Amino acid sequence: MSTARKLLIFGGTVLAAVGMLYGLHYAIFVEHQTLDRMGGSLASAFVHAAERRPEDSQLALIAYRESKYDYVRQVDVHSHWIGLAMLMIVLGVVFDEVALGERARFAIALAMLVGAIVFPLGVILQTARMALQTAQLGSALAIAGSALVIVALGATAVGFMRGDAK
Amino acid sequence: MTAGTPATFSAMGESRLLVFGGIALIAAGMLFGDIFAVFVLHQNGRQTGQALLTAAQAVAAQNSLAVNAVFAHIGNLLEDRGTKVDAHVHMIDAGYLALLLALLQPYVALSASSKKFLAKLFLTGGLLLPMGIFLIHYVGMTYSPFPVIGWASILADSAGALLIIVLLAEGWGFWNYLRDRRAHPLEPDLSKDRTWERRALLAGGTVLILLGFIYGAWYAGLNLYEHENREMVILKDLLDPPTGAGGLDASVNAYGMLQAEKAVQIAAHSHIIEFGLLAILLSFVQPYVFLSERWKRIWVRVLLAGSVILPIFVLLELKLGLLAGGIADAGGVMVIVALVGMLVGVVRYTGSLDAEVRKA
């Protein structure tokens, strides 16, 4: 088995397990509480508005926005990690049919692995309640990671279309 | 058929269990998704919009009790929708993982009985996880010993844990294979060929995934934050109703349109990628589809056509309305029919294989 295939299959399996563990942890310890907070703060915004307490209503709306911002991204992290891991394993099985040199295949596999780790990691950093720089770093990592995955996938598609591989 | 195929695909062996179980889970998950899209999704969206309008009217009437009652109803509607979407997604993903594990079995250095046991555990978890998620809305907190997690959630979380345990065990088996530095698989690899069907599914699947990724990046860059900001503006309008034309009704409509816009864009992104992955996975199963070349090609074309039609017409739903929705659902049905057609081919293959073994 080539190094590129090992990298994709083993990296993908570990990443799928990490994504599932992250999802399990999130489902047990975070999700229900976040959903309660999200629904509760939106309901509070409306109740306070009905009671003519505009400032409280505004604060509740901000709390809703922040909870939803986190929720959307945390669920995305879970699903993208597992999705990318599955893609890596699938490509790993068939990677010998990519009609490119061994070094190019290794570079594509490495780019796929790094992108698949870094892209969701960047999304997590976007939700961290820390310095603005952390969120910006998160965005930069997410963009770089997704670009790496797209480039690697494009190269793989070209490799498949080039004809018979060794 | 290769010489090693029977050993790899033996009766009730782990590979056969995972291929059958995987395709069945994917087909069942897709059928559930199509039924959900036709009978639940739009009705649920309309009810949510109506409830939001009632809440805004209660705000204008300064009736906070009514607001609370409406939000309890909205929460119920969102849970109903969310758990059904999750059941659909998790059942299909468990099917994909089952197919993947089937491909990896020749490289998992564990005993045959352990591999078969793990395959059964995985399929059990893959079935119980979506069932548990589906039941969350109906079981609720009945007899639950916990403050926020009900029995259906416990079932779903336990099934999820089961999947993780199996995956880690398979990873351990693969690690053993790599550590022993073996040059060849432990048992014959699943058959590989360069037929038209296999190449069409491989290339078509990769292109579908690439298109889905590019669309996803475009959505995240241009629409995600704009949608989040627009939602806040609309909610502020609902809480402090505009006095101009339309008033509350216009804000509720704008909110409904925003939710629909988000839903179709995310659905198009996720479905095109999932179908791409499915096409690649099915390319590996082609040597085991015991049908004539003509029928094999027909199912490949139907699958790829449905995989393109569904996401495109989901996106067009906002412009063309129910017509596009109907065509998208038909695309989903095409994928299901092609999947079942291939499953029938695999059943015929295993039947002929078992008959040969019995004769020998």
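**View 1. Three salt bridges cross the interface of chain B and chain A by the rule used here.** A salt bridge here is a side-chain nitrogen of Lys or Arg within 4 Å of a carboxyl oxygen of Asp or Glu. Look for B:Arg198 and A:Glu97, which form a salt bridge with their closest N and O atoms 2.4 Å apart. This is a predicted model, where local features need pLDDT of at least 70, side-chain atom pairs count only at pLDDT 80 or more, and totals for chains, interfaces and linings use all residues. Residues are numbered from 1 along each chain as its sequence is written, chains are lettered from A in the order in which they are written, and side-chain values use heavy atoms, with hydrogens and water left out.

**View 2. Chain B and chain A bury about 5200 Å² between them.** Buried area is the accessible area (1.4 Å probe) that two parts lose on being put together, summed over both. Carbon and sulfur atoms give 75% of this area. The contact (heavy atoms within 4.5 Å) takes 62 residues from chain B and 53 residues from chain A.

**View 3. B:Glu231 is a buried residue in helix H7 of chain B.** Helices are DSSP runs (H or I, at least four residues), numbered from the N terminus. Is B:Glu231 buried or exposed, and why? B:Glu231 counts as buried because its relative accessibility is 2%, and buried means under 20% relative accessible area (1.4 Å probe, protein chains only). Leaving aside neighbours within four places in sequence, B:Glu231 is in contact with A:Tyr64 and A:Lys68, and also with B:Tyr255, B:Leu258, B:Gln259 and B:Lys262.

Technical notes
Helices (H or I, at least four residues) and strands (E, at least two) are DSSP runs, numbered from the N terminus. Buried means under 20% relative accessible area, exposed over 50%, partly exposed in between (1.4 Å probe, protein chains only).
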